[in-house]
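Please examine the sequence and the structure shown below.

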Amino acid sequence: MSTASKPKVTVILANLGTPDAATVPAVRQFLKQFLSDQRVIEIPKLLWQVILRCFVLPFRPKRVAHAYASVWREDSPMREILTAQTEALRQQLTLAYPQFELNLVFAMTYGQPGITPLLQKLAQNPQDHIVLLPLFPQYSATSTAPLYDTLAKWIPTQRNLPGLTIIKEYYRHPLFIQALVSSIQKFQAQHGKPEKLLMSFHGIPQPYADKGDPYAEQCRETARLVAQALGLEPNQWAISFQSRFGKQEWVKPYTDQLLSEWAQQGVKSVQILSPAFSADCLETLEELAIQNAELFLNAGGESYQYIPALNDSDEHLKLLSQLLQANLDALELTLAH
């Protein structure tokens, strides 16, 4: 079969996003885009724009830029890791599927490279099928759904649409649980076991969960399965939620409050990880690894260690590859000439 006759299939790995640089202007631009999404902030649009422009964007970017600077490498950690994940999967899958003209790319919901420009570019080289893999293990209307929204806005502008597949979630996939368990076991083989293992997930406002967002329950299921696989007793682990923003109630327990309580109760050693993140980023490298370490140690704790995200580990790539292969195998039947 000639290359020209092969079905064109694009796989998009998508993460939330990151500023272009660890500077106040770049962070302000990123936050403006991110926090203007009504999936993220459900306050009435006009009222929220007044709050955002008058009270958030003039002040918050300076603090956030300082935090980004503390973890920035040659580029944003999230973008560097997403690049590595995409390249590794490209090498695996293009060899495994020579029957397709397979294109693996990555995109961000907010920031660069944006998902909207990518879709516009793909429209200039029409694809037979697009597979979108949001790198959010647990589905939320605040993270995964904006990618659906972007596709929904793009679809009416296209005449000859490709087939579309979205991998919605993988919070209890056996290979995901196995990858998390393996990362914990490898870390503990080197650093020892703590009194408490804390699985901290990015939070969402409690009203979002009350309205039907399944995210918090999916987080709890991920944590339960990991603890079960590790053989942990109830007093050896806990789940919590981090990264609150604004004054409304968020899903509990809160990570910072729980760590303070543990330290005050005499807990001396904690290891923490965040199974909500497929790549280390500001919320893990700065908030979990630095801020919360200081909080726990200042409250009386003695040992606090952060277990890195799965990133581009072999176990994580195996999971992502299997998720994609299941869909690519199905496409062999529908796209066969």
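Two strands pair if DSSP finds at least two bridges between them; helices (H or I, at least four residues) and strands (E, at least two) are DSSP runs, numbered from the N terminus. This is a predicted model, in which local features need pLDDT of at least 70, side-chain atom pairs count only at pLDDT 80 or more, and totals for chains, interfaces and linings use all residues. Residues are numbered from 1 along each chain as its sequence is written, and side-chain values use heavy atoms, with hydrogens and water left out.

**Strands**
- Strand β7 (residues 269-273) pairs with β8 in the parallel sense over 4 bridges.
- In this pairing, S269 stands opposite S303 in β8.
- Strand β8 (residues 303-306) has Y304 and Y306 on its covered face, whereas S303 and Q305 lie on the uncovered one.

**Nonpolar cores**
- A nonpolar core is a set of buried Ala, Val, Leu, Ile, Met, Phe, Trp, Tyr and Cys residues joined through side-chain atoms within 4.5 Å; buried means under 20% relative accessible area, exposed over 50%, partly exposed in between (1.4 Å probe, protein chains only).
- The largest nonpolar core has 55 residues, and L102, L133, F201, L324 and L328 have the most contacts inside it.
- Helix α7 (residues 174-191) gives the most to this core, with 8 residues.

- For C219, the nearest cysteine sulfur is that of C281, 14 Å away.
- C219 counts as buried because its relative accessibility is 0%.
- C281 counts as buried because its relative accessibility is 4%.

Methods. A disulfide is a pair of cysteine sulfur atoms within 2.5 Å.
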